[in-house]
Amino acid sequence: MLGQTFDQCTFGHNDDIGLLFRLDAFVPFEILKKQRVEALKMMELGQSGIEVPSMVIGTSSLGNLYEAKPYGEKLELVIAALECFTDEIVFDSAGKYGAGLALETLGQALNDLQVPKNKVLISNKLGWKRAPLKGEPTFEKDVWKDLSYDAVQDISYQGILTCFEEGNELLKGYDSQLVSIHDPDEYLDQADSPEDYEKRFADILDGYSALDELKQTGKVKAIGVGSKSWKVIQKIYSEVKLDWVMIANSMTIYDHPEELFHFMSKLEKEGVGIINSAVFHSGFLVGGEFFDYQKMDKYEPQHYKRYKWRAKFFQICEAHRIDPAHACIQFALQLPGVNSLALNSTSTDRIQANFKYCDTLIPDSFWDDLKKQKMIADYLSEFNLNQIS
């Protein structure tokens, strides 16, 4: 880490966000950018006119995902991310992440590091807003730790505008330019009748009317959707002109449905950008205990097959001297229409390793072995997993 070590820094206290560094206790952006490594390849996000690197920095760890970390450690993560990029950096966040804590922490860090606003592009997934906390958070229980607020879903025309305004306030002067509706699948899953489902889908379309207004008035650059259900993305796309989509937990080295592969090919042909996210399945594929935000138990029959798959995956990776994270990243990046991956980490070293993995191909022999051992679906047997040059 550059400059003064973090355990040598003097701290102050801010009741809104926790511990803050003295402004002279860390390295400003102008110095950081001189230390950076070679830039990642930039790609246009669909036909939006916006260029993005192959790695977008996820921020759920800034919102106390699985564990609460002090501000100083979170600031280290932001610095490690900034060190990776020679010019513009893209962060992905959401009001749901820690009930706004991730947005708040990101805004604080960017201000403390004096990062020029024209060097940052922020994606904010909208649809969740802060609410008073009464006991434990009511959303994604046991996932977010030590929060000061709860989060509730608010998908409607006014709800999306409220989430947009709240997000920009939390970012403390930095504005979100890529916006999307977050978790429309969860909103629809709450329907208690076919009529309620149709009403909720109408709410989602009203939300897109709000996003379209933001785009037409120049307040945002591109609109999209972020969902763990690709079929909900497909349904929304049949009704709404999207600039980009974020597919979560759905197209990974572990699970890659052929139908989704063809939908992604369609999006690519029609000029819609794709950001692939959650490609480690909440860290499980690289050794974690959670799979898609659910804690795994290897003694549970429905979880055992995932452990069994992972053990075989690790064995093949070890035989080829490939980091499992590298394999997950390159597989997810090579699929049709994928412009970028949103990658979150709680480790500074892992952020910088992921950066290198996004730009480093893996030998064909590794992919051939995975195919031979049926770790990759048969429909991809002839698909080239080394398309980036």
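Student: Is Ser 250 buried or exposed?
Tutor: The model is predicted, so local features need pLDDT of at least 70 and side-chain atom pairs count only at pLDDT 80 or more, while totals for chains, interfaces and linings use all residues. Residues are numbered from 1 along each chain as its sequence is written, and side-chain values use heavy atoms, with hydrogens and water left out. The relative accessible area of Ser 250 is 5%, and the classes are buried under 20%, exposed over 50% and partly exposed in between (1.4 Å probe, protein chains only). Because of that 5%, Ser 250 is buried.

Student: Which residues is Ser 250 in contact with, leaving aside its neighbours within four places in sequence?
Tutor: A contact is taken as heavy atoms within 4.5 Å. With those neighbours left aside, the partners of Ser 250 are Lys 228, Trp 230, Asp 255, His 256, Pro 257 and Leu 260.

Student: Which backbone oxygen does the side chain of Ser 250 reach at 3.0 Å?
Tutor: A polar atom of the Ser 250 side chain lies 2.8 Å from the backbone oxygen of Ala 248, so that pair is set apart from the one asked about by its distance. At 3.0 Å, the side chain of Ser 250 reaches the backbone oxygen of Lys 228.

Student: How far apart in space are Ser 250 and Asp 292?
Tutor: In sequence, 42 residues separate Ser 250 from Asp 292. Taken C-alpha to C-alpha, the separation of Ser 250 and Asp 292 in space is 10.0 Å.

Student: What percentage of the contacts in the protein chain with a separation of 6 or more comes from residues 24 or more positions apart?
Tutor: The chain has 389 residues, of which 56% count as buried. Among its contacts with a separation of 6 or more, the share from residues 24 or more positions apart is 74%.

How values were computed. A polar contact is a pair of N or O atoms within 3.5 Å; within protein, one must be able to donate a hydrogen and the other to accept it, and residues adjacent in sequence count only if both atoms are side-chain atoms.
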